[in-house]
Amino acid sequence: MTTEEDFSSSTPDERNIAGLERALVNKFFYVLGKDPVDATQQDWFQALAYVVRELLTAHWMESMRSYYLQDAKRVYYLSMEFLMGRTLGNALLNMQSCDAFHKALENIGLRLEEIGEWEAEAGLGNGGLGRLAACFLDSLATLHMPGFGYGIRYEFGMFAQQIEDGWQVEHPDNWLRLGNPWEYPRTDVIYRVQFQGHAAQVMDAQGKPRYEWREAEDVLAMAYDTPIPGYGGKTVNNLRLWSAKASQDFDLRYFNEGNYIRAVEQKTQSENLSKVLYPDDTTQMGRELRLRQEYFFVSATLQDILAHFTADHDSFDDLPDEVAIQLNDTHPSIAIAELMRILVDEHGLEWAQAWDITGRTFAYTNHTLLPEALETWSVNLMGRLLPRHLLIIFEINRRFLADVSRHFPGDMDLIRRVSLIDEEHGQRVRMSHLAIVGSHKVNGVAKLHSHLMQTTIFRDFARIFPDRFINITNGVTPRRWLNQANRGLSGLITEAIGPEWISDLERLRGLEPFAEDIGFRHRFLEVKFDNKQCWAESFLAAQGEEVNPISLFDVQIKRIHEYKRQLLNILHVITRYNRLRNDPASAMPGRTVIIGGKAAPGYRMAKLIIKLINDVGRVINHDPAVNARLRLVFLPDYNVSRAMELIPAVELSEQISTAGTEASGTSNMKMAMNGALTIGTLDGANIEIRDEVGEENFFLFGHTAAELAELRNRTYNPWDYYHGNPELKAALDMIASGYFSPDDPGRFQPLFDSLLLGGDRYALLADYASYVACQEAVDRLYGHQEAWARKAILNVARSGVFSSDRAIQAYASEVWGVKPRSS
C-alpha cells in the first residue's frame, strides 16, 4: 500500500523518492502482474497512473466522508460531454507532487514527459461544451465545493480525425483499448433504465389515480467513478459515468437452437447506448439512439442522486435544500420530466408539491443562440420511447399555458410561441422550453449572449419569468491551461508575483507593472519564442511540414462551422497571398496561419471548408515566391492535448464569429491568458475580454449584432460587396474557378454559392473589408516587438476574471446555494 507520506513533499527528499520507487515496483507485481525488467513504456504509464490514483483515493475518501458528516448541499452537474484531457500531468501538478515523480523516474532511467505521452485521451466531448464541464469540475474541487459530474462512459469518443488528400476522414476513437487506470468500476452501483412499453393508469391504495410503466424493455446502467483533484490535492470530487449493460447477456433459447447472433442481439442493442458519442442524427435510427442516450444517463443519474438523498432524509420537501442539479445545455433536460415521474408515480406526491420541488432543484445553462441548435424531439418518437414522460410533458405544458393565459389573456400568439410543443413542424417537443419552465434559474454564458437570449430566442420567457434569467460568463481553469500547458510562462509569472495566482487568478493583476519592465518583456518574448519553436518541431515531426517560428503565429482552433467563419480567415489568407505575389517587396511580416478543428461527420459544408483550407495551403506552401513569408497549415485531430501544445505558442487569436452567434467561447480566454492578442468581433466573451484587457490591446473589426440586424432589415445584398471590392472578388473568383483545385475546378462552387446566392447568412462579405484592414493593423504592431510584448503581457495580467473559479463562485452564490466544505 502506498502512503501519501512516502512522497507528498513538493521538495522531495531521498525518503519519499525511495517510497515512490517502491510503489511503482509494487504496482507492477500486484496490479499489472508483470516484471519491471520486461516493461514497456505503456506498462510504466499504467503503473504510474495506479500509484497516482492511489494517492488521489485517500483524499477522495476523506472528501466524500466530510460531505456526509457535514450534511453538505451537493451540486450535480449533468452533461452529455466531459472533455477531460489527459489526467496524469494535471493530477501531479494539482497534488504538487511533480518534483518527486520526476526524480523517481529519472532514477529509473525514465522521463515523466515521455511516459505521459502513452496516456490515451478520453474524447468524451465535441468541443467547448465538454471542455467547460471539465474546467468546472476542476474548479469545484479547487474551491472545496461538493460537486459531482454525471455523464456517459462512451466506449468510442469523438472520432479521430485524419486528413486524407485534404479531406476529413473519421476513424473510431477506441480510447479504452488499453484500459483506463483512472476509473473505478462500480459493479454494485447498477440501475434499471426502461424504454418503450406503455403508461397504464391505476388506482393506488388511497384510491387516487397514478401511472405505472408496463411492458417496458430494460437496460442496466453501471457506474464508473473517476476522482477529480482540486489544486492542492486536499479536495477530490467525483465524476460518475454510466455504461450500458444488457439486463441479460443472451437468450438461452436461441443459443440452444444454434442461432448465436440472435442469442446476443438484445445484449448488443442494449450496450450500443454507451457505444459512441453523438450518433449521426441525420437518420431516424441515429435520432432514436441519441434520445435513448439522453434518457439513459438522466434516469440512472436521478436514481443515484435520490438513493443518496433518501438514505439520510425522509421528506422530499428537503430535496432542493440538499441537492442542486445543473443542466449543461438542453441534452439532459428530460431530467425534469423524469424527476416528476419519480416523485408523482413512484412516491405518490401531489403534482403541485412535486412541481415545486422539481423547479427549485433544477437550473439550466443555455449555450446557443442558433434556433436550429435548440434540441427538439418528435412527439411520435418520444411517445414510443418514453410514453409516460410525454404525458408528463403534456401536463406540464397544459398547466404552464393555463398560467400564461391568466397573466396574458387573449394573447394566443404568445401561447403558440412559448408552448412546450411546437405544432408548426409536425408536433415536436421543445426541450429548451421544458428546461426553462422546469428550472428556477436560466443562465447565459457571456453578457452579450445572455442579453440576446432574453431579447431574441427566449424573449417571451424573459417576460413571463423576469427574475429567472441571469448571466454567468464562462471561464477556464488556469491549472491546466496556464500552469500545466505553459510551464515557461507560469514559471516566469511565479517568479514575478509568487505562486498564489494558480488558485486565485485575479492576482495576475500584479503583472501589470512588469509590462513596463524591458527586462521582463524580453524574457516574456523569449518564452513565447521557445514555445513557438517547440510547437514547430513537434508539428514537423508529426506532419512533415515546416513552419517558421520567427513568423507571427496566427491561430484559429475550434469546431469547424460556418458561423465561426473559418472561411473568412481563408479569404484573408488568399488576399495576403495575392498581395505578396503582386508586391514581392512588401514590408508585410512573415505569418503562419494555423487552423484546427473537426467538422461534424454529416456537415457537408464544414468538411468542404476543411478541404479548402488544405488546398489553399498546398498552393501557398509550395509557391517559392511567397512561402518564406506566408504559410497556411491545418492541425489534424485537434483535441485537448494538441491545444495544450499549441496555445502557449499563439500570438494572434482568431475569434471572428459573426456577432450575435457565439454564446461565449473559451479558446479566446485560454489564448489571452497565455499572452496572445485577440482579433475579433463583438461576439460572445470577446466583448468582456476587450473590456478587461483594454480596447487598445484588442484588434476589433466587423459589424455588431445590432448593426447586422439593421443591415438585414435593409435587405442585405452580398453581391454589392463582391462587385465593390476588387480584392474580395479576386479571392472568391479564385475559389470558384478552381485555382486551388485544378483537379476538380467546381469543387468549391458550393462555398461561393452559399455566400453570393445563399444570402451570406453569416455576413462574411459584409465584414471582409474591416477584417482585412484590422489584419493590417496587426502587421504594423508586430513590426514593433516591444510594443507587442507590452500589450501581450497586459492581456495575461488582465485575464484573471476568466478563471472558471470565478464562474463557479457565481453559480454557487446565485444559483446553487452551496458553500465550500469545512477543513
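## Loop residues with positive phi

Aspartate 329 lies in the loop between β10 (323-328) and α12, where helices (H or I, at least four residues) and strands (E, at least two) are DSSP runs numbered from the N terminus. The phi of aspartate 329 is near 75°, a positive value in a residue other than glycine, and the residue is buried, with a relative accessible area of 11%; buried means under 20% relative accessible area, exposed over 50%, and partly exposed in between, using a 1.4 Å probe and protein chains only. This is a predicted model in which local features need pLDDT of at least 70 and side-chain atom pairs count only at pLDDT 80 or more, while totals for chains, interfaces and linings use all residues. Residues are numbered from 1 along each chain as its sequence is written, and side-chain values use heavy atoms, with hydrogens and water left out.

Glutamine 427 is found in the loop between β13 (421-422) and β14 (428-430). Glutamine 427 also has a positive phi, of about 60°, although it is not a glycine, and at 34% relative accessibility it counts as partly exposed. Most residues other than glycine have a negative phi.

## Packing of α12 and α13

Helix α12 (residues 334-346) packs against helix α13 (residues 351-361) at an angle of about 140°, with their axes 9 Å apart; axes are lines fitted to C-alpha atoms, for helices over the stretch in contact, and angles run from 0 to 180 degrees between N-to-C directions. That makes α12 oblique to α13, given that angles under 35 degrees count as roughly parallel, over 145 as roughly antiparallel, 65 to 115 as roughly perpendicular and the rest as oblique.

On the α12 side, Ile336, Leu339, Met340, Leu343 and Val344 meet Trp351, Ala354, Trp355, Ile357 and Thr358 of α13, contact being defined as heavy atoms within 4.5 Å.

## Nonpolar cores

The largest nonpolar core holds 243 residues, of which Trp242, Phe296, Met382, Phe400 and Trp816 touch the most other members; such a core is a set of buried Ala, Val, Leu, Ile, Met, Phe, Trp, Tyr and Cys residues joined through side-chain atoms within 4.5 Å. A second, separate core of 31 residues includes Phe28, Leu56, Leu112 and Val236.

Leaving aside neighbours within four places in sequence, phenylalanine 296 is in contact with residues including Val193, Phe195, Trp242 and Leu273.

## A parallel sheet

An open sheet is formed by 6 strands in the order β19-β18-β17-β20-β21-β22, with parallel pairing; two strands pair if DSSP finds at least two bridges between them. The edge strands, β19 (630-635) and β22 (699-700), each pair on one side only.
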